[in-house]
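This briefing goes through selected features of one protein model, grouped by topic. The sequence and structure come first.

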Amino acid sequence: MSRTTSGGVAAETATRHTAPARTARPPGGEVRPVAAPFVAAGPLGVAVRDRLKGLTAADERVLRLIGVHLGSLAARDLKARCRDGLEHDADRWAARKRELTGVSSSRWAGSITKATHDQWALARHAQHAHVQGLEAGVRTLEHRLSQPLGARGAGRAPGGYRSRREWFAKSRRMAALKDRLTCERADRDAGIVHVVRGGTRLARTRHHLGDAGLTEQRWRERWEARRSFLAADGESGKRYGNETIRLTPGGQVSIRLPAPLASLANAPHGRYVLAARVAFRHRGTEWADRIQADRAVAYRIHHDPERDRWYLTASWQRTPARTLPLQAACARGVVGVDANADHLAAWRLDPCGNPIGDPHRFDYTLTGTSTHRDAQIRHALTRLLHWALSCGVAAIAIEDLDFTGGKTREKHGRRRRFRQLISGFPTGKLKARLVSMAAEAGLAVVAVDPAYTTKWGARHWQKPLRTPRREVSRHDAASIAIGRRALGHPIRRRTAPPPAHRSDEQGHRTAQARPGAREREGTRPPLTEPAHDAPSRTGRRTRETSASNTVRDTRSSRSRHQMPLLHTE
């Protein structure tokens, strides 16, 4: 097994430092409280996508015109929403919608204003998280700058800096962070957010086209595709669940054109019918049932300029499924999963917490584009779910990771690779995808506290399970610790023996033993050994006599052991 960067250790360490509701380990050596495991709630929404094949040149031209026109309206509405700030209310929302209705339609205006409100709320949330990160960095710098040079840390608190030069550089860094924090707090209190429709990274790429390997025309295509708006919310009770972008059971797509583009209609009532046909391969039956009942379905049309393809995405809300109790989910055992930087380490455990079979490893690569990374995670989770179903378990145990405040360089110092590791770790996407895919497979996801799983798993499980033909890594041992924590068992392989006689008369000595287990600590001696009550022999024995006595004693011992069995039969 290849040796890789310890993603499990990174996850465990970062979560220990970042969890706000958990107490850090005090200098006295006590471990912090471990949160109880829980069954994650299932997904509340569904989204499926299909390619718009067979579009004509006129169809693509109309789609681009609609996207550009509605995108300009969305940018104007977002500017007005940011200008309102904290003073925004329902009256202002209604006024914005009336302004957009005249240049589009009532339903297009409702979709635009709702998308704008969600985008502003997301930017507000990101601003609050950024302020918290700056505050954590300032606190860390203030603490380390107050320590003497070269002072060692104690009780998980960092010590002083190594040299006077580093101390001076960090003092300047703290001053810069304080200035930035003052500006961010002022914007937060005033309700000011900074949003770039199309993405800040793509906007900055315009000034570095050579480094990005793009021409101005290619960049312009990506920029227009990002800023276009072609999304319509669904309405229950309307025909096929959506009046703006309508998709019939036969796959015909028609769009209600905005008022300025009504002259482009090729169907009655100002609609434009596309030449492409849509057939959802995944969840097609569920989608068809919804539109036949005229239940709400939201649609979004977007263009991929890299492949020059058009796609249509359908989404709808689902009734939340009833979550299984933890005891019922773990009744047939679990599959413990340790998420790392480049693979998922999994091991099957029975209800008593014993590992069964060999560990499994599901690799993925978190490099390249976001689409490639997402596909890698999806393929790894698919293989994991197929293996879990073949094992016959009903639940998968995974750590409840959170890297919200553990990515700054003030926290982890010069450990640049470690900071890059936890920054690129897809915690949110991994959990969301696993919960969604496991719900479709009929499996429950049990989230456990990630504290000390890698350390304790390696201490109690790595060496005992290692054989000449099987190499057990720290990540494999951590998966056992995660599974045992989900089952409610201690991570330690054995509990302390009873104080008297070292036997089972005062209770079972192992955590895996059940009340119906055989009450004996060791195994029976081999049948070839003499009985414990055999009489001792004295006197001189020759070689022949000794050999004959040995054979006779062996036969008598066998007969004494086998007679009850023969009598029972």
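The model is predicted: local features need pLDDT of at least 70, side-chain atom pairs count only at pLDDT 80 or more, and totals for chains, interfaces and linings use all residues. Residues are numbered from 1 along each chain as its sequence is written, and side-chain values use heavy atoms, with hydrogens and water left out. Helices (H or I, at least four residues) and strands (E, at least two) are DSSP runs, numbered from the N terminus.

**Six-stranded sheet**

- Six strands make up an open sheet with mixed pairing, in the order S1-S13-S12-S9-S10-S11; two strands pair if DSSP finds at least two bridges between them.
- Strand S1 (38–39) and strand S11 (355–363) are at the edges with a single partner strand each, so one side of each has no neighbour in the sheet.
- Inside this order, strand S9 (residues 334–339) pairs with strand S12 (residues 395–399) in the parallel sense over two bridges, and Gly 336 stands opposite Ala 397 in S12.
- Helix H16 (residues 474–487) packs on the sheet and touches S9, strand S10 (343–349), S11, S12 and strand S13 (444–448), where contact means heavy atoms within 4.5 Å.
- The direction of H16 makes about 50° with that of S10; axes are lines fitted to C-alpha atoms, for helices over the stretch in contact, and angles run from 0 to 180 degrees between N-to-C directions.

**Three-stranded sheet**

- A further open sheet has three strands in the order S4-S5-S6, with antiparallel pairing.
- Its edge strands are S4 and S6, each of which pairs on one side only.
- On average, neighbouring strands here are turned by 20° against each other, direction ignored.
- Strand S5 (residues 252–256) pairs with S6 in the antiparallel sense over four bridges, and Ile 255 stands opposite Tyr 272 in S6.

**Helices H4 and H5**

- Helix H4 (residues 106–146) and helix H5 (residues 164–190) have axes that come within 9 Å and cross at roughly 150°.
- That angle makes H4 roughly antiparallel to H5; angles under 35 degrees count as roughly parallel, over 145 as roughly antiparallel, 65 to 115 as roughly perpendicular and the rest as oblique.
- The contact of H4 with H5 has nine nonpolar, five polar and eleven charged residues; Ala, Val, Leu, Ile, Met, Phe, Trp, Tyr, Cys and Pro count as nonpolar, Asp, Glu, Lys and Arg as charged, and the others, Gly among them, as polar.

**Buried residues**

- Arg 96, in helix H3 (residues 90–101), is buried with a relative accessible area of 2%; buried means under 20%, exposed over 50%, and partly exposed in between (1.4 Å probe, protein chains only).
- Not counting residues up to four places away in sequence, Arg 96 touches Asp 77, Ala 80, Arg 81, Asp 84, His 88, Thr 113 and Thr 116.
- Gly 191, in the loop between H5 and helix H6 (200–205), is buried at 1% relative accessibility.
- Outside four places in sequence, the contacts of Gly 191 are Gly 85, Leu 86, Trp 120 and Arg 124.
- Gly 191 and Arg 124 are 67 residues apart in sequence and 8.1 Å apart in space, C-alpha to C-alpha.

- Tyr 240 has a positive phi, near 60°, and lies in the loop between strand S3 (231–232) and strand S4 (245–247).
- Tyr 240 counts as buried, at 17% relative accessibility.
- Arg 283 also has a positive phi near 60°; its loop runs between strand S6 (271–277) and helix H9 (284–292).
- Arg 283 counts as buried, at 15% relative accessibility.
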